[in-house]
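Work through the exercises below with the model open. Each task is followed by a stepwise solution.

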Amino acid sequence: MQTRKTSSATTGPSALPAPPRRWTLTATDGRTLTGHLPAWAGNDPSEHNVPPGAWEDRLADIHLTRRFPGRTVPVYCATSPAPGPVAEEAFSCTLDCNPHAEAPEPRTPLVNLHLCGDSWLTDLGPQDLTRLAATFRWVANRLDREVRPALVDAQEDWARHADADPKAVAPDSRAAPKPWHPKAVAAGTHRTPAAPPHR
């Protein structure tokens, strides 16, 4: 009885997962800070050669985000010169995290839902209401089946990595800079980040 040998290519260990992603912030005085860059984030906020005087502002502006597009609906907009309804994207949302924000809430992943600016849905007949109800059902299904699971996964992933951040590397120089801390943002010098407002 012959025994067939199995190739090691098919029985060997599976490919190793990709190493965790990290963003990096470096300053011209040698300071370096790295942080967890989640797989869900569609952007990399890394920046290099930051002037020492802008370090705290750049740190506070670190913003991780993923966007979920909404649906286009005809609406009347007060700021539009058009005499009739215009196509506007409604009910889009973003998954956001500002790990070094001044307030504690944005430091963990949260969802921001954009309804439709200052626009109104007006003069709706029976068929209009039917179409609008279908849009609302679509939004509800996305929030329940896609956005909420993504938020839960993002928060669990963030919790696993939160204890490891921030990771600071002291500059390799004889004249070390003055002690600093990510939360030591001088009053009145914080710039408003590009992230949506968190309430």
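This is a predicted model: local features need pLDDT of at least 70, side-chain atom pairs count only at pLDDT 80 or more; totals for chains, interfaces and linings use all residues.

**Exercise 1.** Find where Gly-53 sits and assign its exposure.

*Solution.* Step 1: Gly-53 belongs to the loop between strand S3 (47-50) and H2. Step 2: its relative accessible area is 80%, so Gly-53 is exposed. Step 3: Gly-53 and Ala-27 are 26 residues apart in sequence, and their C-alpha atoms are 9.5 Å apart in space.

**Exercise 2.** How many aromatic pairs are there? Classify what you find.

*Solution.* Step 1: rings of Phe, Tyr and Trp (its six-membered ring) pair if their centres lie within 6.5 Å; planes under 30 degrees apart are stacked, over 60 edge-to-face, the rest tilted. Step 2: the count is 1 aromatic pair. Step 3: the ring centres of Phe-91 and Phe-136 are 5.4 Å apart and the planes stand at 80°, so the pair is edge-to-face. Step 4: the partners are 45 residues apart, with Phe-91 in the loop between strand S6 (86-90) and strand S7 (92-97) and Phe-136 in helix H3 (residues 126-162). Step 5: Phe-91 is buried at 17%, whereas Phe-136 is partly exposed at 39%. Step 6: Phe-91 also has a positive phi, near 65°.

**Exercise 3.** Describe the geometry and packing of H3.

*Solution.* Step 1: H3 has 37 residues and spans 50 Å from first to last C-alpha, close to the expected 54 Å. The expected span is 1.5 Å times one less than the number of residues. Step 2: H3 bends by about 40° at Leu-143, the angle being taken between axes fitted to the seven residues ending there and the seven starting there. Step 3: its buried residues include Leu-132, Val-139, Leu-151 and Trp-158. Step 4: the buried residues of H3 pack against strand S2 (32-36), S4, strand S5 (71-77), S7 and strand S8 (110-114).

**Exercise 4.** Which residues have the most contacts inside the largest nonpolar core?

*Solution.* Step 1: a nonpolar core joins buried Ala, Val, Leu, Ile, Met, Phe, Trp, Tyr and Cys residues through side-chain atoms within 4.5 Å. Step 2: the largest has 22 residues, and Trp-23, Trp-40, Leu-64 and Leu-95 have the most contacts inside it. Step 3: strand S1 (22-27), helix H2 (55-60), strand S4 (64-68), S7 and H3 each supply at least two residues of this core. Step 4: H3 gives the largest share, 5 residues. Step 5: another core, of 6 residues, lies apart from it and includes Val-75, Phe-91, Cys-116 and Val-139.

Terms used:
Residues are numbered from 1 along each chain as its sequence is written. Side-chain values use heavy atoms; hydrogens and water are left out. Helices (H or I, at least four residues) and strands (E, at least two) are DSSP runs, numbered from the N terminus. Buried means under 20% relative accessible area, exposed over 50%, partly exposed in between (1.4 Å probe, protein chains only). Contact means heavy atoms within 4.5 Å.
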